[in-house]
Amino acid sequence: MRAEDICDLRTALDLLASVPGEMIRTSAPVDPHAELAGVYRRIGAGVPVKPPAPAGPAMLFERVKGYDVPVVAGVLGTRRRAALLLGAEPERVAFALLDALENPLAPALAEGTAPCQEVVHRAPLDLRRLIPAPTNTRQDAGPYLTMGLLRARDPDTGEADVTIHRLCVQGPDRLSVYFAPGRHIDAFRAKAESRGLPLPVSISIGMDPAIYLAACFEPPATPLGFDELAVAGGPRRRPVRLARCVTQPVEAVADAEIVIEGEILPGERIREDIQTNTGYSMPEFPGYMGVAQPELPVIRVTAVTHRRRPILQTIVGPGLEHCQLAGIPTEASILQMAERSMPGRVRNVYCHPAGGGKFLAIVQFRKAGPRDEGRQRQAALAAFAAFGELKHVILVDEDVDLFNTDEVLWAMTTRYQGDVSTVFIPGVRCHPLDPSQTPGFSPSIRAPGISCKTIFDCTVPWSLREAFRRAEFDDADPSRFLPERS
């Protein structure tokens with residue numbers, strides 16, 4: 001099976017199962033409350049989940065206590081796996097996504113009965129009995145749907161948008177939704193609410209991994225009014241199939257495993273941890289427990305539709321899977337911005353897992369002559385412009401493997417001097433989930449969410465390049481010196 005044959009979650013899992021070491025399954029019964037996440041943490045959650053949390057295979061839990069719905073975690077849990085699912089090499093996966101961004105295919109309505117509507121549950125219903133939404137820790141505000149793709153339309157223009165947000169199950173037919181500042185569907189919600197109207201939404205869960213990666217593009221790469229599902233069609237060379245919802249005037253992904261239909265209610269809010277009073281939401285991508293929000297919008301669920309024998313897809317913790325989802329689209333966005341402003345100079349970009357895919361980018365820059373000195377810092381500024389939530393940029397030369405942390409730290413140790421190689425940009429808005437962005441951490445921070453963005457220039461000054469030549473070894477073939485494999 002090939003990546004271009006993937007059309008849904010099931011075919012993606014088939015591909016992973018065909019590659020040794022990329023997927024395991026278990027038939028041992030597992031509790032979705034804390035136990036499932038606790039198990040996968042030790043199998044494959046990865047950085048920045050608290051150790052021990054190695055990078056590892058995707059895992060299918062076939063028997064979830066109290067439910068007839070299996071749960072899969074870690075589908076996009078490593079860069080190698082994300083590349084495999086997109087049909088690209090790991091170091092070129094961002095370029096594959098950039099190609100899809102620049103050659104969009106608009107989604108299209110599916111003909112006949114969509115797979116996601118093989119089984120239909122209309123209100124009244126109880127989400128808690130239908131879907132085994134996991135809790136990551138015993139401090140979580142409740143069960144969370146972490147791989148739910150919201151789709152809604154602008155009340156003014158009718159243009160559609162998709163985004164992924166944390167969704168807490170708050171009751172039989174209620175979900176809370178957390179929107180980080182600037183999210184497009186929150187803008188749609190505000191428009192509808194200003195008129196006293198609900199905002200119809202669909203939540204698609206369990207899909208072709210290309211859809212999830214495409215949905216994580218953010219402005220300016222995908223401005224307001226740009227449907228990210230058009231990007232998702234690129235890697236497969238065919239449009240994403242949509243289905244009209246059965247109870248709401250909006251579409252869902254036709255080949256999703258599960259679809260929740262509903263509406264964001266005007267004027268209604270809920271405290272995120274109202275069920276537990278722990279003060280926490282769930283583990284978030286910076287690696288810490290998220291703070292429970294005092295007031296969040298509420299989705300009233302009007303239907304749940306799904307395939308026969310559906311599979312629930314989830315993320316465990318703030319681990320490597322989030323890093324791929326957020327980081328690879330960000331890399332593509334930076335590559336696009338840099339190539340437009342200085343063609344041929346930025347060779348590659350890596351959003352390191354230490355930043356959760358959002359906070360830290362390593363940018364590989366090629367200096368072709370003395371006039372390129374200083375342009376590497378312009379490339380860093382372009383990266384900040386391409387993704388506003390980026391906090392740190394590390395610049396390296398093209399002889400440094402940016403995907404190898406040891407190489408990057410070597411460059412920082414031998415090609416960097418703190419007093420001349422660091423650029424501070426204080427007082428800039430970043431992401432609200434960084435716990436260091438508070439006035440209590442630094443007097444330079446005037447309000448929560450403000451950060452000091454920083455450029456670490458670990459490139460060799462052009463005039464000094466002769467003193468920084470790496471040793472040139474013979475490019476010998478070691479194969480005949482190695483033991484033969486039986």
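## Helix packing around H3

Helix H3 (residues 79-86) packs against helix H4 (residues 93-102) at an angle of about 40°, and their axes lie 10 Å apart. The model is predicted. H3 and H4 are therefore oblique to each other. The crossing of H3 past H4 is left-handed. On the H3 side, Arg 79, Ala 82, Ala 83 and Leu 86 make the contact. H4 contributes Val 93, Ala 94 and Leu 97. By class, this contact holds 6 nonpolar residues, 1 charged residue and no polar ones.

H3 also packs with helix H1 (residues 9-17). Here the angle is about 115°, with the axes 10 Å apart. H1 passes H3 in a right-handed crossing. Ala 12, Leu 15 and Leu 16 of H1 meet Arg 81, Leu 84 and Leu 85 of H3. The contact of H1 with H3 counts 5 nonpolar residues, 1 charged residue and no polar ones.

The two pairs are set out below.

| Helix pair | Angle | Axis separation |
|---|---|---|
| H3 and H4 | about 40° | 10 Å |
| H1 and H3 | about 115° | 10 Å |

Now the whole chain. The protein chain has 12 helices and 23 strands. Its C-alpha trace spans about 75 × 65 × 40 Å along the principal axes. The radius of gyration is 23 Å, which agrees with the value near 23 Å for a compact globule of 486 residues. Buried residues make up 56% of the 486 residues. Of the contacts with a separation of 6 or more, 72% join residues 24 or more positions apart.

Note on methods:
Residues numbered from 1 in each chain as written. Predicted model: local features only at pLDDT ≥ 70, side-chain atom pairs only at ≥ 80, totals over all residues. Heavy atoms only, no water. Axes fitted to C-alpha atoms, helices over the stretch in contact; angles between N-to-C directions. Helix = DSSP H or I, 4+ residues; strand = E, 2+ residues; numbered from the N terminus. Parallel < 35°, antiparallel > 145°, perpendicular 65-115°, else oblique. Left-handed = near helix turned anticlockwise from the far one by under 90°. Contact = heavy atoms within 4.5 Å. Nonpolar A, V, L, I, M, F, W, Y, C, P; charged D, E, K, R; others polar. Rg over C-alpha atoms; globule rule 2.2 N^0.38 Å. Buried < 20%, exposed > 50% of the residue type's maximum accessible area, 1.4 Å probe, protein only.
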